[in-house]
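Please look over the sequence and the model below before reading on. The report then takes up one part of the chain after another.

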Amino acid sequence: MGIADTSIAAASAAFSGFAAVAAWRAARKANATAASVAQIERDRWHKELTPQLSLKLEAEQGMIYVRFDGPATLGRLSVRLTLRDDFDRSRVTHLAGTPTPEQISEVIWGPYRFRPGIDRADQLGRSVDSFTLEANDRTRLAVNPSLRPSWFEGPDGEQRWRDQYRTAPIRLWADCEAPGYKPWRLSFEVAQDGGWAQTGRLVGS
């Protein structure tokens with residue numbers, strides 16, 4: 001084989017190598033694009049199937065009603081409710097002579113708590129264990145007015161605590177699970193006027 005033939009062979013091999021790399025890169029990019037499109041579609045489908053929940057306070061009965069309005073395709077829906085504070089106090093700077101972060105975390109900073117020991121609520125009244133609902137079913141959970149912190153002292157301590165949350169909404173997380181689907185976390189604010197709070201905001205969407 002002459003020099004010219006050798007050069008042609010080398011160029012051909014190099015071109016084949018470049019072509020192979022280019023094809024590999026194109027295939028990799030196509031696979032990444034397909035995976036991205038598939039993930040977008042899964043996320044869209046997951047969002048469209050967000051459980052439609054309705055929550056309502058019946059203050060005189062001391063109950064929160066929870067209704068599962070659909071979609072029925074989810075089957076049996078598992079729901080876990082957790083009360084949220086009026087705002088996140090974990091980042092508040094602790095000053096000498098003020099309540100410690102541990103003391104603050106033991107307070108439900110809102111108008112109501114779940115009734116401890118009822119409906120499998122924890123001892124603080126912060127959350128209840130998961131319960132299941134079929135579409136168009138509902139359940140109710142016992143609640144009590146929240147307990148004032150120990151440092152709300154004096155003859156007007158209880159009144160100051162009640163006044164602070166007289167018209168404040170009940171803020172909750174609703175963590176929902178259905179077989180075969182990723183979980184959902186919904187954020188609710190339930191007014192104290194007895195109206196239904198419907199379809200909480202999907203967290204992370």
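## Two residues in one loop

Asp-119 is partly exposed, with a relative accessible area of 33%, where partly exposed covers values between buried (under 20% relative accessible area) and exposed (over 50%), found with a 1.4 Å probe and protein chains only. Asp-119 sits in the loop between S4 and S5, and its phi is positive, about 55°, although Asp-119 is not a glycine. Arg-120 also lies in the loop between S4 and S5; Arg-120 is exposed, with a relative accessible area of 53%, and has a positive phi near 60° in a residue other than glycine.

This is a predicted model, in which local features need pLDDT of at least 70 and side-chain atom pairs count only at pLDDT 80 or more, while totals for chains, interfaces and linings use all residues. Residues are numbered from 1 along each chain as its sequence is written, and side-chain values use heavy atoms, with hydrogens and water left out.

## The chain as a whole

The secondary structure comes to three helices and ten strands, which are DSSP runs numbered from the N terminus (helices are H or I with at least four residues, strands are E with at least two). Along the sequence, the pattern reads α-β-β-β-α-β-β-β-α-β-β-β-β. Of the 205 residues in the chain, 33% are buried.

Contact means heavy atoms within 4.5 Å, and among the contacts in the chain with a separation of 6 or more, 62% are between residues 24 or more positions apart.

## Strand pairs and a cis bond

Two strands pair if DSSP finds at least two bridges between them. S2 and S6 run antiparallel and are joined by five bridges, and Tyr-65 stands opposite Arg-140 in S6. S4 and S6 also run antiparallel, with three bridges between them, and the bridge partner of Arg-113 in S6 is Asn-144.

In the loop between S2 and S3 lies Pro-71, which is joined to Gly-70 by a cis peptide bond with omega about 0°.

## Nonpolar cores

A nonpolar core is a set of buried Ala, Val, Leu, Ile, Met, Phe, Trp, Tyr and Cys residues joined through side-chain atoms within 4.5 Å. The largest one has 33 residues, and those with the most contacts inside it are Leu-53, Leu-81, Phe-114 and Leu-172. Several strands each supply at least two residues of this core, including S1 (52-58), S2 (63-70) and S7 (170-177). A second, separate core has seven residues, among them Phe-152 and Trp-161.

If neighbours within four places in sequence are left aside, the contacts of Leu-53 include Phe-68, Val-79, Ala-174 and Phe-188.

## A buried alanine

Ala-168 is found in the loop between helix H3 (157-164) and S7, and Ala-168 is buried, with a relative accessible area of 19%. Not counting residues up to four places away in sequence, Ala-168 touches Pro-111 and Gln-192. Ala-168 and Gln-192 are 24 residues apart in sequence, and their C-alpha atoms are 7.3 Å apart in space.

## The largest pocket

The largest pocket is lined by 13 residues, of which Arg-89, Ser-90, Val-92, Pro-101 and Ile-104 lie nearest its centre. A pocket here is an open set of points on a 1 Å grid over the protein atoms alone, where a 1.4 Å probe fits and protein lies on both sides within 12 Å along at least five of seven lines, and lining residues have an atom within 4 Å of a point.
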